[in-house]
Amino acid sequence: MTVFGLLLFFSFWVIYKSPFFLLSNRKYVAFLGWIVSIFGGIAVWYIYSKVYQIERVNADTFKFFDDALIIGSYFKDYPIDVLKIFFGFYSIENETTYLILEKTTHWFRPFHFGEFNDNQIVIRLNLLILGLSGGFYFSHLLIFNFLGFVGVWFLIKILSKHVLLINPYLWGLVFMVPNAWLWNSGVLKEPILIFFLGLFLFGYWNKFNHSILKPVILIAAVWGLLMIKAYVLLCLFPGLLLITIFKKYNFWHKAIVLYGVGILFLIAGFFFLSINPSQVIAQKQIDFNNVARLSEANSYFETFKLEPNPMSLIFNSPMAMVNSIFRPFIWNSNSIFMLISSLENFGLFILLIFSLKKLKKESLFLIQYKNLILIFTINLYVLIGLTTTVSGALVRYKIPATILLTLLIIMILFEQKNSNNEKALS
């Protein structure tokens, strides 16, 4: 408890002292965002411990923390083995290692997903924090909260250099979006993901006094994204490539042509080179269905069945987009949380359409940000819509797009039109 109090004090002290948290020479927006994030963490804890009627072993905000406690409890007797587990240099054939990991519930996944096991990344981070927290859950909650908050702040900080709002407090609206506020605030994967995503875009767009900082930040962010959610980086890359090549003129015409060429290469690779990413995606849908049934997910829904060929991906992509944008549908909302998610989906969709119609004279930065985020969102929505058959998971998987789209809407609706901040990207 004492450590928690010190961490809480230290977080406010860092915000107060660091110029990084200045916005229009004020820090009230940062303090507001951090306080809202703290309440988000408390809400996640309350929902999983008091509202959801599920066992603690299946509660997302506790299961990785509890596994870290199990592994950490062996440190006194088997410090070398625990350190090997932490750094990843262990062998499951080792009797002691097997004894330790057998006690955990989420170190290993029941089905193979074909990428880095991000469960282990979150468990390792909790294990690292244990040395400071002494096993007090709320200290872990505070640190995860701060990572998620800083990730969003990276985005606000870089965007505020290019777009001046009529009131800087309006940047704080991004912390008020219900699902982004909630899932970016717990002992979960999302705060780590948003931290590295924010770090990556901050490093990509920002100019640094020391030339070595940009590559160091980008390498660290890419590593983090690969470890926690590699598909987010994959969805981001095409947009980055396109805005780098084409910048402002005839962007969407060229983007559509390039995507068409990419689809043709995918089909050609399937038929002539035995390259079949569609098989991987189809298998991921099968794996997700197995996990959903095993865990008896309440928001599971029936959808199309993917076949391991490119035409199946192309044919089902429109429905995948609909699922990602609108599920859970309002008429399927059987709880207050699903209803809030439905209303949030619909509200963001309407606001985005209204904002894009309102957008007329654009700064070069806003053009590039808009193009990047829309392509990223399309990629992410199609990918998760193709593979995910649980509405609650869809809501969480699209949190990066939710945050980035919210910032785009804020910039378009509340930009100070007489601003001279129309700067080109670095």
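You're looking at a predicted model, where local features need pLDDT of at least 70 and side-chain atom pairs count only at pLDDT 80 or more, while totals for chains, interfaces and linings use all residues. Residues are numbered from 1 along each chain as its sequence is written, and side-chain values use heavy atoms, with hydrogens and water left out.

- Rolling a probe the size of a water molecule over the atoms shows where empty space is left.
- A cavity is a set of points on a 1 Å grid, over the protein atoms alone, where a 1.4 Å probe fits but cannot get out, and lining residues have an atom within 4 Å of a point.
- Volume here is the space filled by probe spheres set on the points, with grid points joined across faces, edges and corners.
- Among the residues lining the largest cavity are Val-36, Phe-149, Trp-181 and Ile-403.
- Helices H2 (28–51), H7 (137–160) and H8 (178–183) each give that lining at least two residues, and H7 has the largest share with 3. (Helices are DSSP runs of H or I, at least four residues, numbered from the N terminus.)
- That lining splits into 8 nonpolar, 4 polar and no charged residues. (Ala, Val, Leu, Ile, Met, Phe, Trp, Tyr, Cys and Pro count as nonpolar, Asp, Glu, Lys and Arg as charged, and the others, Gly among them, as polar.)
- The second largest cavity has about 30 Å³ of space, and its lining has 5 nonpolar, no polar and 2 charged residues.

**An open pocket**

- A pocket is an open set of grid points with protein on both sides within 12 Å along at least five of seven lines.
- The second largest pocket has a volume of about 400 Å³. Of its 15 lining residues, Ile-121, Arg-124, Leu-125, Trp-223 and Met-227 are the closest to its centre.
- H6 (118–133) is one of the helices that supply at least two residues of this pocket's lining, and H6 gives the most, with 5.
- By class, the pocket lining has 12 nonpolar, 2 polar and 1 charged residues.

**A nonpolar patch**

- Ile-330, Trp-331, Ile-336, Leu-339, Ile-340 and Leu-343 make a nonpolar surface patch of about 610 Å². (Patch residues have over 30% relative accessible area and no salt bridge; nonpolar side chains are joined within 5 Å, like charges within 9 Å. Areas come from the Shrake-Rupley method with a 1.4 Å probe, and for residues only the protein chains shown count as cover.)
- Ile-340 sits in helix H14 (residues 336–358) and is partly exposed because its relative accessibility is 36%. (Buried means under 20% relative accessible area, exposed over 50%, partly exposed in between.)

**Salt bridges**

- The structure has 6 salt bridges, each a side-chain nitrogen of Lys or Arg within 4 Å of a carboxyl oxygen of Asp or Glu.
- Asp-60 and Lys-63 pair up at 2.9 Å, N to O; they're 3 residues apart in helix H3 (residues 60–72), so about one helical turn separates them.
- Arg-396 and Glu-190 meet at 3.1 Å, N to O. Arg-396 is in helix H16 (residues 391–397) and Glu-190 in helix H9, so this pair ties together parts 206 residues apart in sequence.
- Both Arg-396 and Glu-190 are buried, and so are both Asp-60 and Lys-63.
- Asp-60, Lys-63, Glu-190 and Arg-396 are linked in a network of salt bridges.

Definitions and conventions. Buried < 20%, exposed > 50% of the residue type's maximum accessible area, 1.4 Å probe, protein only.
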